Amino acid sequence: MPHKPPTKEELERRKIVGIHEETVRDVTSTDFPGHYPGEEHSWDIDAFRRGFRVEFHQNAPFEASFSLIGVDASIANAFRRIMIADIPTLAIETVFINNNTSVIQDEVLSHRLGLIPFKAGHEGLHKFLKWWRKPTDESQINNSYFDFNTVSLRLEVKCEHNEAASPNETDPKKLYHHAHVYASDIEFCPVGRQDKYFSGADSIAPVNPDILIAKLRPGQEISLSMHMHKGVGSDHAKFSPVATASYRLMPVIRIDRPILGADAEMFARCFPPGVIAIDKVSHKEAAQKGSGYEGHEGEAKAVVADPMRDTVSRECLRHAEFKDKVTLGRRRDHFIYLVESAGQWQSDAIFLEAVAHLKKRAQDLEKQVVNMVR
Amino acid sequence: MPRAKTRKEEPAEAESDIAMEEAPTSHQPEAEEDNMSVDQDDNDEAGAANEEEAEEEEEEEEVQRVRLLPGSTPTAASFEFLNETHTLGNALRYIIMKNPDVEFCAYAIPHPSEPKMNVRIQTFEGTTAIQALEKGLRDLQDLCDIVSDKFIDARAKFGEGVSA
């Protein structure tokens with residue numbers, strides 16, 4: 001029997017992950033050579049270019065949402081993992097405490113300092129700064145700090161009574177000087193060539209100056225210096241440039257048979273607002289035999305308005321009224337990303353950096369494989 | 001004094017290594033490690049530090065991270081990648097599986113505490129596993145180019161785009 005190429009409906013059906021009351025079906029992708037007899041499915045760069053699409057939904061500096069359509073989960077997941085764990089940023093790594101008489105303990109204070117996201121000039125951060133590696137010989141550690149791998153910071157605050165405050169004042173911020181220690185109190189101490197790369201708007205400073213680090217009372221003092229290094233999220237989450245980078249698959253809601261009248265209202269309530277809209281059965285639909293709309297002209301009917309907003313709660317599958325009337329699914333090759341930057345990078349730049357990173361990784365390994373054969 | 005200490009420890013370690021020969025390959029210490037520690041002992045401390053500075057970047061490139069595991073034939077081979085994770089493993093597996101000359105491809109991380117990722121490739125006659133691996137890595141680079149091109153286009157079209 002000669003092989004028939006798959007119809008458009010068949011190709012569409014293969015892309016859907018079935019979501020049923022208690023189970024999910026067709027989870028894995030099947031677009032591999034040899035899976036369907038007589039079909040090709042081998043890697044074709046032009047076919048990928050034709051089928052691949054990017055759609056933006058939101059692009060704020062610290063929150064971007066976009067869809068990658070026509071890509072496999074393994075690739076999409078690689079981008080997500082790279083964004084979280086492999087994109088470098090600067091963070092405080094070592095804290096040298098000279099004096100800390102505040103109620104917050106040294107180690108807790110150090111941890112809090114480490115988690116503060118810092119921004120810095122792009123060129124200095126990515127071209128000038130290099131990795132810092134702990135020397136194998138511990139005694140050499142003081143010879144391992146250079147202007148190109150360590151950034152030095154200082155925090156010197158002392159809480160004192162505010163003589164000018166009124167005697168009835170109860171707000172500690174007015175009653176005392178430096179009652180609250182904020183991220184903006186951290187001072188950057190440029191060394192060597194750092195002046196050239198990190199000055200003015202490119203200076204190294206906390207993304208959010210209003211992060212509360214500690215609270216002090218008169219007589220208490222914090223005096224410490226800090227070292228920042230470049231690092232990646234796989235080492236410590238404080239280096240991760242994203243607060244969250246996640247994706248979900250595009251939900252698919254298919255109404256197979258008409259849902260009319262009061263049922264339509266109930267159906268809409270099974271979904272988050274905006275997913276299902278209520279429409280009127282038109283004259284044309286009512287006139288069509290076998291459509292299920294005969295004799296229902298002017299009645300309310302449920303239509304799918306915006307499946308992207310759905311959370312796929314499956315609530316509609318619990319009701320007998322909608323049995324066999326609705327099919328739920330997810331599109332296997334439609335990834336809706338949400339990238340929330342912690343502030344060191346623009347959200348969209350994080351994704352582009354992730355793509356560049358994966359390419360660089362593959363490039364390096366290609367050289368390694370050639371080297372291995374030699 | 002610290003030198004004498006390390007010298008004493010080394011033979012003790014070597015003895016226990018012999019007993020470990022039956023252990024899986026990933027558990028066996030590599031011979032190179034021993035050589036390196038001897039070299040460091042012989043070097044002047046200051047001299048070694050200077051060399052490290054100068055070669056810092058190059059050194060990272062030079063370390064061989066891909067290895068052909070024993071028992072491989074031209075059309076059926078296992079590779080060991082050091083310092084690679086699911087990130088590259090799964091993406092590479094997918095793109096190699098897309099090659100019609102490949103009969104089988106899978107990846108595994110044998111143990112979560114070891115920074116190792118293994119890839120198994122079996123091909124049909126006419127090509128080799130190494131060629132399939134190289135093609136996979138090249139295809140992955142092409143894919144990345146298209147993704148970033150289309151991403152930049154879509155961002156420009158969306159309008160609000162902030163330049164990277």
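A: In this predicted model, strands E5, E14, E7 and E11 of chain A form, in that order, an open sheet of four strands with antiparallel pairing. The edges are taken by E5(A), residues 89-100, and E11(A), residues 187-189; each has a single partner strand, so one side of each is left without a neighbour in the sheet. From one strand to the next, the twist averages 30 degrees.

The domain assignment of chain A lists domain 1 as 11-87 + 241-251 + 325-374, domain 2 as 89-137 + 144-239 and domain 3 as 257-310 + 317-323. Taken over C-alpha atoms, the centres of domain 2 and domain 3 of chain A are separated by 58 Å.

The contact with chain B can be described next. In total, 44 residues of chain A are in contact with 42 residues of chain B. On the side of chain B that touches chain A, the elements giving two or more residues are helix H3(B) (45-62), strand E1(B) (66-68), H4(B) and helix H5(B) (129-158). The most comes from H5(B), with 19 residues. By class, this side of chain B has 22 nonpolar, 12 charged and eight polar residues.

One helix pair across the two chains can be followed in detail. Helix H3(A), residues 73-85, and helix H4(B), residues 86-97, have axes that come within 8 Å and cross at roughly 160 degrees. An angle over 145 degrees counts as roughly antiparallel, which means that H3(A) is roughly antiparallel to H4(B). The crossing of H3(A) with H4(B) is left-handed. From H3(A), the residues that meet H4(B) are Ser74(A), Ile75(A), Asn77(A), Ala78(A), Arg81(A) and Ile82(A). Their counterparts in H4(B) are His86(B), Thr87(B), Leu88(B), Asn90(B), Ala91(B), Arg93(B) and Tyr94(B). The residues of this contact divide into six nonpolar, five polar and two charged.

Conventions
Residues are numbered from 1 along each chain as its sequence is written. Chains are lettered from A and ligands numbered from 1 in the order in which they are written. This is a predicted model: local features need pLDDT of at least 70, side-chain atom pairs count only at pLDDT 80 or more; totals for chains, interfaces and linings use all residues. Two strands pair if DSSP finds at least two bridges between them. Axes are lines fitted to C-alpha atoms, for helices over the stretch in contact, and angles run from 0 to 180 degrees between N-to-C directions. Angles under 35 degrees count as roughly parallel, over 145 as roughly antiparallel, 65 to 115 as roughly perpendicular and the rest as oblique. A crossing is left-handed if the near helix is turned anticlockwise from the far one by less than a right angle, and right-handed if clockwise. Two residues are in contact if their C-beta atoms, placed from the backbone, lie within 7 Å. Ala, Val, Leu, Ile, Met, Phe, Trp, Tyr, Cys and Pro count as nonpolar, Asp, Glu, Lys and Arg as charged, and the others, Gly among them, as polar. Domain bounds come from an automatic or database domain assignment.
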